[in-house]
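Please look through the sequence and the model below before reading on. The paragraphs after it move from the overall fold to one helix pair and then to individual residues.

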Amino acid sequence: MMQAFESWASRGNAATSELCDIELENNTLFLNAYGLESEIAPDVPISQLTLLTNPASRYGGNLRENELRERFRRDTIAEFLSYATGCMMGRYSLDQTGLILADSYDSQAAHLSTYEDKVGKPISEIQFKPDQDAIIPVLDGEWFEDDIVARTREFLAVTFPESSVGENLRFIEESLGKDIRKYFCSEFYKDHLQTYKKRPIYWMVQSPKKGFSCLIYLHRYTKDTLNQVLNNYFRPYLQKLEARLAQLDLDQLNDDLPARERSAARKEAEKITKVLKECQTWEQDALLPLAQQRIELDLDDGVKVNYLKLQDVLAPIPGLAAKED
């Protein structure tokens, strides 16, 4: 993966250099034609060459060269993870260019059958399969086998088969400056909101204190999506937490364990107890009532109108409810 990034960045530098030469040539021709060559320099600052692969134009000229490189690498990897998430949701596919599922459908079966039609292959032959229900847990631990980190590992195995998943994960985490799970839990949605100007297409179903989080995809949302979140992910998650809490209670009473392990068990138990309390309250106050309403969305209404319909169970977007100019 590192080699792929370096190759892509190198091609970007070459494109920037070529554009710079073209701009210089054009300016020289115009200045000579109007007799202004002695008054205006034909040079073009690299920061004015608006290419996505040109860090100087993306971030301005106030950063040092090494800072530009680091930020460019970080944002490029974030964009890669966003694309990977899109492949998980069925928005994109490794087997076909362009948008795949980017409309609304009446049922989950229609989603997958339409995906197959657009890609031109049955799901069984797809390199990286889209998520069955377009619901992806984003949690601080490995509570589900198909959570965002597990699916990212799978995506890396498919897209970079010549190198190990561990090696590529290290490169990703070095680029992000943090553990990939922490990135998905704390920064991924912020990046997504920034990319889509606070009109996200992947929505974060999230309890107020972030005890539970999962991503859903606007274009695969159905009136039963929140019920699927509730019954297939949220409640099983609480059951897993309760089972873990019971084990931790036993560990705290186990005199055969070192004091340090018993202390760690106590701290983890306290954390889980808080998460359980928060999630149980959220279920009764917000998630269950909205799931029971089976709210339908209309893509023609736009992201803002639809997001506000489910805002009680979604990560808040500052200023979304404000009137537009």
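What follows begins with the conventions and the overall layout and then turns to local details.

This is a predicted model, in which local features need pLDDT of at least 70 and side-chain atom pairs count only at pLDDT 80 or more, while totals for chains, interfaces and linings use all residues. Residues are numbered from 1 along each chain as its sequence is written, and side-chain values use heavy atoms, with hydrogens and water left out.

The protein has 11 helices and 3 strands, where helices (H or I, at least four residues) and strands (E, at least two) are DSSP runs numbered from the N terminus. Along the sequence these elements follow the pattern α-α-α-α-β-α-α-α-α-β-β-α-α-α. Taken along the principal axes, the C-alpha atoms fill a box of roughly 85 × 50 × 45 Å. Of the 325 residues, 43% count as buried; buried means under 20% relative accessible area, exposed over 50%, and partly exposed in between, with a 1.4 Å probe and protein chains only. Among contacts (heavy atoms within 4.5 Å) between residues at least 6 apart in sequence, 61% join residues at least 24 apart.

Helix α3 (residues 65-89) and helix α6 (residues 165-176) pack at an angle of about 125 degrees, with their axes 8 Å apart; the axes are lines fitted to C-alpha atoms, for helices over the stretch in contact, and the angles run from 0 to 180 degrees between N-to-C directions. The two helices are therefore oblique to each other, given that angles under 35 degrees count as roughly parallel, over 145 as roughly antiparallel, 65 to 115 as roughly perpendicular and the rest as oblique. On the side of α3 the contact is made by Arg 73, Arg 74, Ile 77, Ala 78, Phe 80 and Leu 81, and on the side of α6 by Phe 171, Ile 172, Glu 174, Ser 175 and Leu 176. By class, this contact of α3 with α6 has 7 nonpolar, 1 polar and 3 charged residues, with Ala, Val, Leu, Ile, Met, Phe, Trp, Tyr, Cys and Pro counted as nonpolar, Asp, Glu, Lys and Arg as charged, and the others, Gly among them, as polar.

Lys 197, in the loop between α8 (188-195) and β2 (202-206), has a positive phi of about 50 degrees although it is not a glycine, and it is exposed, with a relative accessible area of 67%. Lys 198 is found in the loop between α8 and β2, and its phi is near 65 degrees, a positive value in a residue other than glycine; with a relative accessible area of 38%, Lys 198 is partly exposed.

Which residues does Asn 306 touch, not counting residues up to four places away in sequence? Asn 306, which lies in helix α11 (residues 302-309), touches Trp 203, Leu 297, Asp 298, Leu 299 and Asp 301. Asn 306 is buried, with a relative accessible area of 0%, and its side chain reaches the backbone oxygen of Asp 298 at 2.9 Å.

Leu 314 lies in the segment after α11 and counts as buried at 4% relative accessibility. Leaving aside its neighbours within four places in sequence, Leu 314 is in contact with Trp 203, Met 204, Val 205, Gln 206 and Tyr 307.

Key
A polar contact is a pair of N or O atoms within 3.5 Å; within protein, one must be able to donate a hydrogen and the other to accept it, and residues adjacent in sequence count only if both atoms are side-chain atoms.
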